[in-house]
Amino acid sequence: MDKELVTQIIDRYEADPGMLIPMMQDLQAEHGYLPPEQLRIMAAEMNVPLTRVYGIAMFYSSFRMAPKGAHEVTLCMGTVCHLKGAPRISEAICEEYGIVPGGTTADRLFTLQAVNCVGACALAPVMIVDGKYYDGITPDSALDILSALPREEEKVSGVQAAESSSAGAGDVEGA
Ligand code: FES
């Protein structure tokens with residue numbers, strides 16, 4: 001099954017080694033992340049070093065090596081948010097949930113993304129949860145927001161998380 005999917009994707013690009021990135025994008029679109037076993041198959045089938053495939057996966061921030069959580073949490077680390085305390089918020093979240101920016105909680109409740117300026121500097125510091133903006137957040141209010149996230153088991157899948165990542169800017173809510 002793994003190999004069948006990878007083969008289909010490779011065939012889509014006529015096994016052109018120059019199309020490795022689109023192939024990996026297609027693979028990620030299927031799963032919401034890049035399963036290591038399927039990367040191994042892709043490298044073998046394309047006859048390219050696995051290190052090259054992993055190098056691409058690590059270089060482009062759009063690639064994910066692990067499934068996303070059920071909720072998407074984005075913390076702005078842009079200059080204004082940084083000056084208004086975003087690093088302390090990030091530290092509080094990472095410490096509380098044992099993750100690093102870009103990581104997913106062990107129970108896959110959420111994935112934490114750190115980004116540069118989401119274009120709402122007047123509201124800094126800003127955190128976005130599933131497309132909903134929270135302004136003026138503090139370490140405590142951020143933890144309160146995250147602790148209230150619903151734990152819907154059916155949402156905990158890479159595919160659904162990938163769908164939710166396409167959500168645009170939503171409402172703004174004070175923290
Ligand atoms: S720096 Fe955070 S919204 Fe602009």
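Is Asn47 buried or exposed in this structure? Asn47 is exposed, because 8 other C-beta atoms lie within 10 Å. Here a residue is buried if 20 or more other C-beta atoms lie within 10 Å of its own, exposed if 12 or fewer, and partly exposed in between, with C-beta atoms placed from the backbone.

Before I continue, a word on the model. It is predicted, and local features need pLDDT of at least 70, side-chain atom pairs count only at pLDDT 80 or more, and totals for chains, interfaces and linings use all residues. Residues are numbered from 1 along each chain as its sequence is written.

Let me begin with the overall arrangement. The chain contains eight helices and five strands; these are DSSP runs numbered from the N terminus, helices being H or I of at least four residues and strands E of at least two. Starting at the N terminus, the order of elements is α-α-α-α-β-α-α-β-β-β-α-α-β. The chain has 175 residues, of which 30% count as buried. Taking contacts between residues at least 6 apart in sequence, 72% join residues at least 24 apart; a contact requires C-beta atoms, placed from the backbone, within 7 Å.

I turn now to helix packing. Two packed helices are described by the angle between their axes and the distance between the axes. The axes are lines fitted to C-alpha atoms, for helices over the stretch in contact, and the angles run from 0 to 180 degrees between N-to-C directions.

Helix α1 (residues 2-12) packs on α3 at an angle of about 50°, and their axes are 9 Å apart. That angle makes α1 oblique to α3. By convention, angles under 35 degrees count as roughly parallel, over 145 as roughly antiparallel, 65 to 115 as roughly perpendicular and the rest as oblique. The crossing of α1 and α3 is right-handed, a crossing being right-handed if the near helix is turned clockwise from the far one by less than a right angle, and left-handed if anticlockwise. On the α1 side the contact involves Asp2, Lys3, Val6, Thr7 and Ile10, which meet Glu37, Gln38, Ile41, Met42, Glu45 and Met46 of α3. This contact of α1 with α3 comprises five nonpolar, two polar and four charged residues. For these classes, Ala, Val, Leu, Ile, Met, Phe, Trp, Tyr, Cys and Pro count as nonpolar, Asp, Glu, Lys and Arg as charged, and the others, Gly among them, as polar.

Helix α3 (residues 36-46) also packs with helix α4 (residues 50-59), at an angle of about 125° and with axes 8 Å apart. These two helices are therefore oblique to each other. Leu39, Arg40, Met42 and Ala43 of α3 and Leu50, Val53, Tyr54 and Ala57 of α4 make the contact. Seven of the residues in this contact of α3 with α4 are nonpolar, none is polar and one is charged.

What lies between α3 and α4? The loop between α3 and α4 holds Asn47, the residue of my opening question, whose phi is positive at about 60° although it is not a glycine.

The next topic is the nonpolar interior. In soluble globular proteins, nonpolar side chains tend to be buried together. A nonpolar core is a set of buried Ala, Val, Leu, Ile, Met, Phe, Trp, Tyr and Cys residues joined through C-beta atoms within 7 Å. The largest such core has 23 residues, and Val73, Leu75, Val126 and Met127 touch the most other members. At least two residues come from each of β1 (71-76), α6 (86-97), β2 (110-115), β3 (127-129), β4 (132-135) and α7 (139-147). The largest contribution is that of α6, with four residues. Apart from this core lies another, of 12 residues, including Met23, Leu27, Tyr33 and Val53.

Finally, consider Pro125, in the loop between β2 and β3. The peptide bond from Ala124 to Pro125 is cis, with omega near -5°. Between the C-alpha atoms of Pro125 and Gly78, 47 residues apart along the chain, the separation is 9.0 Å. Gly78 itself is in the loop between β1 and α5 (79-83) and counts as partly exposed, with 19 C-beta neighbours inside 10 Å.

Technical notes:
Two residues are in contact if their C-beta atoms, placed from the backbone, lie within 7 Å.
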